[in-house]
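This report describes selected features of one protein model, shown below.

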Amino acid sequence: MDYSLALENVVFHYPDMAEPALRDLTVRFPKGCKTAVLGHNGSGKSTLFLHAVGLLRPQKGMVLQAGAPVSYAKKELAALRRRVGLVFQDPEQQLILSTPLEDISFGLRGTGMEEAEIEARCAAVLDRLSLSALKDKPVHQLSLGQKKRTALAGVMAMEPELILLDEPTSYLDPVSEAQLLDGLDSIHRTGRTVVMATHDMNLAYRWADWIIVLDQGVCHAAGTPEAIFAGREALQAIGLELPLLAELWHSLPLRLTAGRMAPRNAEDFKAMLNGMLGEGPEERQADWLIEDYTRTGERE
Ligand SMILES: Nc1ncnc2c1ncn2[C@@H]1O[C@H](COP(=O)(O)OP(=O)(O)OP(=O)(O)O)[C@@H](O)[C@H]1O
Ligand SMILES: [Mg+2]
């Protein structure tokens, strides 16, 4: 498999901490894939991302970008950060200028881009993340979800080859989450690599095509969502839950599921169940329940 970025045997110890945050961590982000990084609080996800953009430097081991070790010389680091974009877990750490428009255009101006192109890119990304009406509002007056979307817009506008998002959906409402995922899908369709750290197992299951599980600063497992969520015990041992659809799938009798791929979203799951039971959508239980309820209401 071709990798966009890899950490090889990385050790990182924050000063004054009893335990290292990363201990001999080896992970690879497959090129062109949507990867979810899972792991409980303190397992090292954010520390891994800070290494990926060269904001932290391994005390042992190395970071490889496009197969070559990252050099920490100033010029090369700047080049790395143009290729790899990080959306921080906390937007306060990311937003430096006073309005969304200023903040998003600042990064682009740093690349020497023409003003007309900067304007066009800003307008497109503001529109995509439904921020156009807020573009001139002081950042400190934005809600947390709006700040998260602004931070994401700034990174998206730079169009990096590899985009890392540290818990991007926390504090987003369902509409904003759907917009974010649409935006990420459109980035992914242009051949870019997208990596997201998340605590949302259901989202990881339906969204990702590769999963990395961290535990106490090491890679506990890496594989396809089907493989990672095939067994409950290995995940529960490190305090992670199965996604709801995987849980339901594994609770069905083996004679029904044997030889079939586990469906990873609700639509596929419903279609699969209807197929198994040989019944069409017109016989859905929900319709029957509503009718029955109405009839009961009439009798009273
Ligand atoms: N700036 C820091 N100084 C000292 N220790 C830190 C610092 N940042 C993180 N750590 C420690 O390093 C370990 C890994 O933290 P990290 O933030 O990478 O975990 P995480 O998987 O991102 O957790 P979360 O799910 O809560 O975001 C934790 O034990 C944490 O306490
Ligand atoms: Mg974190």
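Which residues coordinate the magnesium ion (ligand 2)? The ion is coordinated by Ser46 through OG and by Gln89 through OE1, at 2.1 to 2.3 Å. Donors are N, O and S atoms within 2.8 Å of the metal (3.2 Å for Na, K and Ca), and water is not among the atoms, so sites may look incomplete.

The model is predicted: local features need pLDDT of at least 70 and side-chain atom pairs count only at pLDDT 80 or more, whereas totals for chains, interfaces and linings use all residues. Residues are numbered from 1 along each chain as its sequence is written, chains are lettered from A and ligands numbered from 1 in the order in which they are written, and side-chain values use heavy atoms, with hydrogens and water left out.

Ser46 belongs to helix α1 (residues 45-52) and Gln89 to the loop between β6 (84-87) and α3 (100-109), so the pair ties together parts that are 43 residues apart in sequence. Helices (H or I, at least four residues) and strands (E, at least two) are DSSP runs, numbered from the N terminus. The table gives the accessibility of these two residues and of Glu241, which is found in the loop between α9 (232-236) and α10 (244-251). Buried means under 20% relative accessible area, exposed over 50%, and partly exposed in between (1.4 Å probe, protein chains only).

| Residue | Relative accessible area | Class |
|---|---|---|
| Ser46 | 25% | partly exposed |
| Gln89 | 36% | partly exposed |
| Glu241 | 49% | partly exposed |

The C-alpha atoms of Glu241 and Ser143 are separated by 30 Å, and the two residues lie 98 residues apart along the chain.

Two strands pair if DSSP finds at least two bridges between them. Strand β3 (residues 34-38) runs parallel to β9, and four bridges join them. Across this pairing, Thr35 stands opposite Trp210 and Val37 opposite Ile212. On the other pairing, five bridges join β9 to the antiparallel strand β10 (residues 218-223), where Val218 is the bridge partner of Asp215. The hairpin of β9 and β10 has two residues between the strands, and Gln216 takes a positive phi near 45° there.

Is strand β9 buried or exposed? Six of the six residues of β9 (residues 210-215) are buried, so the strand is largely enclosed by the rest of the structure. Trp210, Ile212 and Leu214 point one way from β9, while Ile211, Val213 and Asp215 point the other way.

The count comes to one cavity of 30 Å³ or more. On a 1 Å grid over the protein atoms alone, a cavity is a set of points where a 1.4 Å probe fits but cannot get out, and lining residues have an atom within 4 Å of a point. About 40 Å³ of space lies in the largest cavity, a volume being the space filled by probe spheres set on the points. Its lining consists of Val87, Lys148, Arg149, Leu152, Pro168, Leu172 and Leu180. Helix α5 (residues 144-157) contributes the largest share of this lining, three residues.

Note on methods. 1 Å grid on protein atoms, 1.4 Å probe; cavity = no way out; pocket = protein on both sides within 12 Å on 5 of 7 lines; lining within 4 Å.
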